[in-house]
Amino acid sequence: MMSTIPVSWTCPSSASPHACTPRRRMPPARTPEGGRTLGGIIIPGVLAPVPVCNPLSPTLKTTELIRLNIGGKMFVTTAATLTKTHSGDNFFSGLLSGRMPSIRDDTGAFFLDRNGSLFEPLLDFLRTGELHVPHHVDPAVIAREAAFYCIALPCNIEQYHVVTPREFLVLCNVAQRAACGLGLGVSQHGQLQQPASPSLQLPGCDLRQLPLLRHTSLERAMLTHVCMSGMDLHDANLANACLADANLSGCDLSGANLDSADLSRASLQNANLHHAHLQQCNCTGADLSGANLSQATLTATILRQTILTGANLSFASLYQAAVQGANLDRTDLTSANLQQANFTHASLVGAILTNASTTAAIF
């Protein structure tokens with residue numbers, strides 16, 4: 001059974017436990033090697049925590065072993081490691097001092113209903129001063145977990161990690177080998193077929209140093225928060241890729257396949273999407289102002305709250321597209337197919353609708 005110790009605790013931020021921040025900041029120290037790691041790669045400049053002995057329970061020694069059960073994942077470390085910070089307090093100093101409620105599992109370990117896999121890099125950071133964020137994990141997710149535990153991370157945790165061409169090839173080879181390990185599958189008609197390969201994981205990375213990616217297949221790739229501004233992605237295959245919050249401004253995506261991709265909140269200002277395929281793509285909240293979408297296919301695409309001011313959508317197909325609340329001011333929709341599209345609460349001030357097909361469209 002789990003036992004609860006009813007003790008009061010006041011989070012440094014009263015707004016939300018996820019918004020916990022150190023009460024007092026001191027100049028951070030650097031590691032002896034001056035290195036930081038992001039995306040699993042060591043990069044110069046990580047900020048290391050300065051050890052400070054925080055108040056603990058009078059009966060608890062800093063060298064005492066502490067057992068943690070975080071979402072079913074077990075950890076063993078010392079009180080000194082958990083309370084290591086360059087602020088005067090963190091989540092664990094409150095937990096171990098008895099100033100906040102705690103739950104114990106059947107083994108007596110402190111139980112926390114959080115994601116243990118996300119806590120693992122944070123514990124390593126407290127131990128070594130180096131932050132390793134795996135390639136498949138969005139740095140912003142680690143930053144949010146650190147905020148919950150009130151652990152002050154490097155201020156540049158969410159800064160783009162620059163991916164070199166060599167590193168990119170290594171990651172592609174790893175994904176390819178993993179795909180080969182899956183073996184061949186058998187379709188319902190008895191035919192052999194290649195399995196879906198694991199997606200390339202590059203969240204929060206800067207890919208602008210890579211060679212031309214035109215004609216490249218990045219299908220199902222995890223590319224949230226990436227920076228690819230100005231890149232040549234002509235005819236690239238990005239179907240089912242996750243590009244949420246990505247910076248694709250000024251990109252050449254002409255003829256690219258973005259069917260069923262997630263482009264929510266992505267920045268695509270002045271991007272070239274001429275003849276691109278965005279069927280059933282999620283563009284909610286994306287910025288496509290000034291983009292060239294002439295002859296693009298946006299059938300059943302979600303364009304809610306999307307910014308399309310000054311965009312060129314001439315001869316494009318928006319058949320059954322969801323365009324509610326979008327801004328299409330000064331957008332060129334000449335000869336576009338708008339049949340059965342929903343434009344409820346959309347702004348079309350100065351939009352050009354010459355020869356556009358609006359059969360059964362909702363305005």
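pLDDT is the predictor's confidence in each residue, on a scale from 0 to 100. That's the number to keep in mind for the views below, since this is a predicted model.

**View 1. The whole chain, with its confidence.** The protein chain averages a pLDDT of 77, and 71% of its residues get to 70 or more. Residues 1-55 are a stretch to treat separately: pLDDT stays under 50 there, and the model gives them 143 contacts beyond four places in sequence. Residues 180-198 also have pLDDT below 50, with 22 contacts in the model beyond near neighbours in sequence.

**View 2. The overall make-up of the chain.** Count up the secondary structure and you get 5 helices and 13 strands. Of the 363 residues in the protein chain, 48% are buried. Take the contacts with a separation of 6 or more: 31% of them link residues 24 or more positions apart. The accessible surface is about 16,900 Å², and carbon and sulfur atoms own 53% of that.

**View 3. Helix 3, from one end to the other.** This helix covers residues 116-128. At the start of helix 3, Asn-115 puts a side-chain oxygen within 2.9 Å of the backbone nitrogen of Ser-117. As for what is tucked away, the buried residues of helix 3 are Gly-116, Leu-118, Phe-119, Pro-121, Leu-122, Leu-123, Phe-125 and Leu-126.

**View 4. The hairpin of strands 6 and 7.** Strand 6 (residues 65-70) and strand 7 (residues 73-78) run antiparallel and are joined by 6 bridges. Look for Leu-65, which stands opposite Thr-78 in strand 7. The two strands form a hairpin with 2 residues between them, and Gly-71 in that turn has a positive phi of about 60 degrees. When following side chains along a regular strand, expect them to alternate between the two faces of the sheet.

View 5. Thr-301 sits in the segment after strand 13 (205-206). Its relative accessible area is 0%, so Thr-301 counts as buried, the cut-off being under 20%. Leaving out residues up to four places away in sequence, Thr-301 touches Leu-278, Gln-279, Gln-280, Cys-281 and Cys-283, plus Ala-321 and Ala-322.

Key:
Residues are numbered from 1 along each chain as its sequence is written. This is a predicted model: local features need pLDDT of at least 70, side-chain atom pairs count only at pLDDT 80 or more; totals for chains, interfaces and linings use all residues. Side-chain values use heavy atoms; hydrogens and water are left out. Helices (H or I, at least four residues) and strands (E, at least two) are DSSP runs, numbered from the N terminus. The expected span of a helix is 1.5 Å times one less than its number of residues. Buried means under 20% relative accessible area, exposed over 50%, partly exposed in between (1.4 Å probe, protein chains only). A polar contact is a pair of N or O atoms within 3.5 Å; within protein, one must be able to donate a hydrogen and the other to accept it, and residues adjacent in sequence count only if both atoms are side-chain atoms. Contact means heavy atoms within 4.5 Å. Accessible areas come from the Shrake-Rupley method with a 1.4 Å probe; for residues, only the protein chains shown count as cover. Two strands pair if DSSP finds at least two bridges between them.
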